[in-house]
Structure formats: structure tokens, C-alpha cells
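Hi,

Here is the structure I promised to pass on. Have a look at it first, and my notes on what turned up follow below.

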Amino acid sequence: MRTARRLALGRLVSLSGESAAYIALVAAIYGETGSAVWVSAAIFSSVVASVASAPLAGWIGDRFDRRSVLIGADAAATAVSLAMAATARYPWALVVLLGLSSVAQAPFEPASAAALPNVVPEADVPRANSLLAATRSAGYLLGPLVGGAVLGLGASPATVFVVNAGTFVVSGLVVAAIRQPFGGGSTREQPGALAGFRLIVRERALRVPVLAGMVSLVGVGIVDVASYPLSLDLHGGTAGYGGMTALLGGGGLLGAAFAGGILRAGPVRVLVAGFAAGAAGLALAGAAPVLGIGLAGMAIAGAGRGLGDVAAVTLIQARATDAVRSRVFAAQDGAAHVAFSVSAFAGGLLVELAGARGAFATAAAFGLGAAVLAGHTPRFA
């Protein structure tokens, strides 16, 4: 587990910096343009780049030594962050560079998830996944708080971008210091950037959990749009919205932290339970008569999401061979981005048609559907 702890520390630092930099990017773009359309353009740039680069990112993780892939991705992300700092006053440049940042970082997560079974004992893989997922959630929770606070104290967005570049350097140094072999997969037996996608389509043991994850993310995307209107309905205002968002992330941190021990019951059962808990939490939040109950529902939903994420990663690691594992994770990541993007765009229309509570009820239905679908995942032999 020592190696997993090192990897977790590196990701905590870099993801915190990345999340803080995102706050700075939004502040920089909106400060220069005063337009939310430019912010949407930046988000769209990032999503499109992530989806488009996923196949190549997975292929890189299976073609080259994965330690080198992780270090290279951090080095590329460092360069892009420094470019952001140099062009922080030009919104069009930040929109383009955010997309390039997504491309630069795309190989990291698939290669990291694919390498984990090679650097920790088999019995420790669930615990290692739990630790990494928890630190990832912590980074996404801590980064925006730090970024907002630093900007509030008068720091410029360019300064935050420079600090973010430094966090990628730290991550790369942590990976470089790990001497265990990370593995490199193989593109000979199953060639092509789309080999992971083809394997998911062909193998029911992979296809079902990936599809269930996509269904679940449709609900999460809807909630992202509907949370602020629901907070207003519950008289929580902006503070209530912030609390709901933070508890969704904080619940994910808690769920991921406990997943390592719970996975002994079987990853398929945990996957089903995670999606079901997420659905129950969203249903509770959507039906809440007061803000406190809504906050509790979001925390439950986040915990379920954290459990489901760790269970899904553990299932894929066990059922995809090392030769193609990075491409499988990349395909899953691309599918997740597509599902989340579609739901985020559709969420606004759903709020207009059914109101915030109706949107939450719909999101809960998607979560329940994900649980039912996940229940059809073949068990381990």
C-alpha cells in the first residue's frame, strides 16, 4: 500500500491545483468578457477534447511504459498551465488552452488505473482504489475552496496557473520516485486505439457496468443543473447551493474511503448498492421540505456515487487484461464524458419543463435504473 499512498499524495496535490486553476480560469474569462457564454465555450472545449483524445490516450497507456506515460502527461500539463499564465488576459487563448490541457492530461488516469494492479498486491487493489478515489474527491473538494480563497485575497488568475504548474511537477516527481514496474500493456495482440471500446462492446462483464455508469452520470449531470434552483426553492440561496455541491463531493469522499473494506462483499453488490444509495439520496433531496433534509440527501447521493466509482474501477481492473486495460479505462472515461455532457445540456430544459424537484426525481430514476442495470453484471467466476 506504500506505493498507492504515494500515488494518492501526488494526485491530491495535482488535482487540488487543477481544481483551483479551474476557478481561476472561470474568473479570468468572466472578468475579461462579462459573459457566461465564454465560460460555456471553455467547458465545451474541455469536454470535446476529453472525448476526442480518449482513444489515443488509452493507446498511449498500453503502448509505452506507464511510468513514463504518467510523467509525460504531468510534464505536458505543466507546459499548458504555464501557457495559461502567460495568456491569462486573453479569453480565446484560455478556451483553447483548456482543451489542450484536457488532451495533455488524458493519458494519466487510464494509465494510472491500468498500472495499479501491477504496483500493489492483488489483495490490496480494492483498498488502493478506495484510497485513490478518496484523495481524488478530496482534491476536487479542496481545490475550489483554496482557489476561491486565494483569488479573494487578491492573487491574479495567472498566479494560480503558475502554482498549478508546480503541482504537476510535484506529481511527476512522486511517480518518478516509485521504483516498482508500472507495466506497459501491449498493442500487438489487440491493436488499435479503439481496442478498449471493442472489448467493452463484446464482453458483457465490462459492457454492463460501463453502461450502468453512463446511466448514473445522466442523473448526476441533471442534478448539477437543478441544484441551484432547488436551493432557491428551499430558501437556501447561494450558500445552500454551495453546501449541496460540497456535500455531494464530500459524500463521495466518504463513500470512496469506506469502499475498500466493503468491497469484500463483492464489487457487483457494492456497485448496485452504490447506485441505489445515490438514487435514494437524490430522491430525498428532491422531495425535501427544508434545506437540511436536502443537504442530507446530497450527502447520501455523494456517498453512493463514491462507492459505485470504486466498485466500477475494481471490476474493470479484474476483467480487462493488462495488455488492453488502459484503452478500456479510456473508453469508459470517454463514455462518461459523453453521458455527463448530454445530461448537463438537457438538464436546463428539464428544469424548465418539470421544475427543480421534477428534475431531481428524474435524476433519481436514472440512478435507480443504473442500480437495476448493474445488477445484471456477471459475477466473478
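The largest cavity has a volume of about 140 Å³. A cavity here is a set of points on a 1 Å grid over the protein atoms alone where a 1.4 Å probe fits but cannot get out, whereas a pocket is an open set with protein on both sides within 12 Å along at least five of seven lines; lining residues have an atom within 4 Å of a point. Grid points are joined across faces, edges and corners, and a volume is the space filled by probe spheres set on the points.

Before going on: this is a predicted model, where local features need pLDDT of at least 70 and side-chain atom pairs count only at pLDDT 80 or more, while totals for chains, interfaces and linings use all residues. Residues are numbered from 1 along each chain as its sequence is written, and side-chain values use heavy atoms, with hydrogens and water left out.

Back to that cavity. Its lining has 15 residues, and Ser-216, Val-220, Gly-278, Leu-282 and Ala-301 lie nearest the centre. At least two lining residues come from each of helix 9 (204-233), helix 11 (267-287), helix 12 and helix 13 (325-374), with helix 11 giving the most, 5 residues. By class, the lining splits into 8 nonpolar, 6 polar and 1 charged (Ala, Val, Leu, Ile, Met, Phe, Trp, Tyr, Cys and Pro count as nonpolar, Asp, Glu, Lys and Arg as charged, and the others, Gly among them, as polar).

The count comes to 2 cavities of 30 Å³ or more. The second largest cavity holds about 30 Å³ of space, and its lining is made of Arg-6, Leu-7, Gly-10, Arg-11, Phe-108, Ser-171, Val-174 and Val-175. Helix 1 (2-33) gives the most here, with 4 residues, and the lining divides into 4 nonpolar, 2 polar and 2 charged.

Now the chain as a whole. It has 13 helices and 0 strands (DSSP runs numbered from the N terminus: H or I of at least four residues for helices, E of at least two for strands). With 381 residues, a compact globule would have a radius of gyration near 21 Å, and the chain agrees at 20 Å; that radius is taken over C-alpha atoms, and the globule rule is 2.2 Å times the number of residues to the power 0.38. The C-alpha trace spans about 55 × 50 × 35 Å along its principal axes.

Ser-81 is one of the buried residues of helix 3.

Cheers

Technical notes
Buried < 20%, exposed > 50% of the residue type's maximum accessible area, 1.4 Å probe, protein only.
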